[in-house]
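The following note concerns the charged side chains of the model shown here.

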Amino acid sequence: MTGTVLILGGTADAVALARLLEACAPGRALSSLAGRTSSPRLLPGRTRVGGFGGAGGLADYLTIEAISAVVDATHPFAARMSRNAVDACARANVPLLALVRPAWAPLAGDRWSRVPDVAAAASRAAELGRRIFVTIGSRELAPFAALGDRCRLVRAIEPPLEPLPPGVTLVLARGPFAEADERALMQRYRIDVVVTKDSGGDATVAKLIAARALGIRVVIVDRPVRPAVATTATPQGAFAWLESLA
Ligand code: NAP
């Protein structure tokens, strides 16, 4: 295994892969962050921050930095970055692997409605309840702000760019969250619908477990369609793929 590995990051799996690489092949991991959060998690190995300037900019970057492989470990909803990675790696002839954690699957007792996008999530949540808890990040809140005080609670890592209507409580927090805390939060605000993206993984799954225990409905935004590329579900799988490259 030789050369620099560019990890397109922004997820816990990206951090885990950087940690694995740094432990086994120090100096090879170069993590890239979009720069959306003001105090991102500390990453093992080298880090760069900010967009590349589209697929063309990324292709140039791969060549200039002599990147030997790219692992797209961005969030399942970071569709543009994932498309750009496919395009750029094809142009620069660099091998690409997607590291995508599995989607969440319902268990007995879950009361889920799946919807295709955030606007549909707001409509469905308004049909289902009057005290909505929104956990979809800070950048796509407009359809929920339009619901007025039906949207009772918003949790995100960063503050929203646009102010939320009066009566909406904003909680700024980063997972992982504990189930008991999620349950207490939902009870304190008498939540009757939770809205989430299908992010998958363990860090934010506690809200789904808490909703199941309390019989609360959940509206889940389906993942966008991903480009067809070689994919693994785990950081260990990505590490094995890197080892397999000549
Ligand atoms: P996006 O819509 O697919 O990306 C928009 C643009 O942001 C990309 O075209 C790229 O700019 C830049 N970008 C995105 N990820 C980058 C990275 N890892 N390194 C450098 N530039 C990056 O993605 P997004 O939804 O804005 O997400 C941005 C970041 O937040 C991702 O790293 C993702 O893993 C993380 N994140 C997203 C969500 C979510 O729900 N979308 C949730 C949690 C974390 P250029 O075209 O200029 O290169």
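This is a predicted model: local features need pLDDT of at least 70, side-chain atom pairs count only at pLDDT 80 or more; totals for chains, interfaces and linings use all residues.

**Charged residues and their partners**

1. Lys197 has a relative accessibility of 12% and therefore counts as buried. This lysine forms a salt bridge with Glu140, with 2.9 Å between the closest N and O atoms. Lys197 belongs to strand 10 (residues 193-197), whereas Glu140 sits in the loop between strand 7 (132-135) and helix 5 (142-145), so that distant parts of the chain, 57 residues apart, are linked. Glu140 counts as partly exposed, because its relative accessibility is 36%.

2. Asp110 is buried at 17% relative accessibility, while Arg212, at 25%, is partly exposed.

3. Glu182 and Arg155 meet through their side chains in a salt bridge of 2.7 Å, N to O. Because Glu182 lies in helix 6 (residues 179-188) and Arg155 in strand 8 (residues 151-156), the pair ties together parts 27 residues apart in sequence. Both residues, Glu182 and Arg155, are buried.

4. Arg114, Asp198 and Asp222 form one network, joined by salt bridges that share partners.

5. On the surface, Arg36, Arg80, Arg83 and Arg139 gather in a patch of positive charge. Arg36 is located in the loop between strand 2 (29-33) and strand 3 (46-49). Its relative accessibility is 54%, so Arg36 counts as exposed.

How values were computed: Residues are numbered from 1 along each chain as its sequence is written. Side-chain values use heavy atoms; hydrogens and water are left out. Patches are made of residues with over 30% relative accessible area and no salt bridge: like charges are joined within 9 Å, nonpolar side chains (Val, Leu, Ile, Met, Phe, Trp, Tyr) within 5 Å. Accessible areas come from the Shrake-Rupley method with a 1.4 Å probe; for residues, only the protein chains shown count as cover. A salt bridge is a side-chain nitrogen of Lys or Arg within 4 Å of a carboxyl oxygen of Asp or Glu. Lys and Arg count as positive and Asp and Glu as negative; His and the chain ends are not counted. The place of a charge is taken as NZ of Lys, CZ of Arg, CG of Asp or CD of Glu. Helices (H or I, at least four residues) and strands (E, at least two) are DSSP runs, numbered from the N terminus. Buried means under 20% relative accessible area, exposed over 50%, partly exposed in between (1.4 Å probe, protein chains only).
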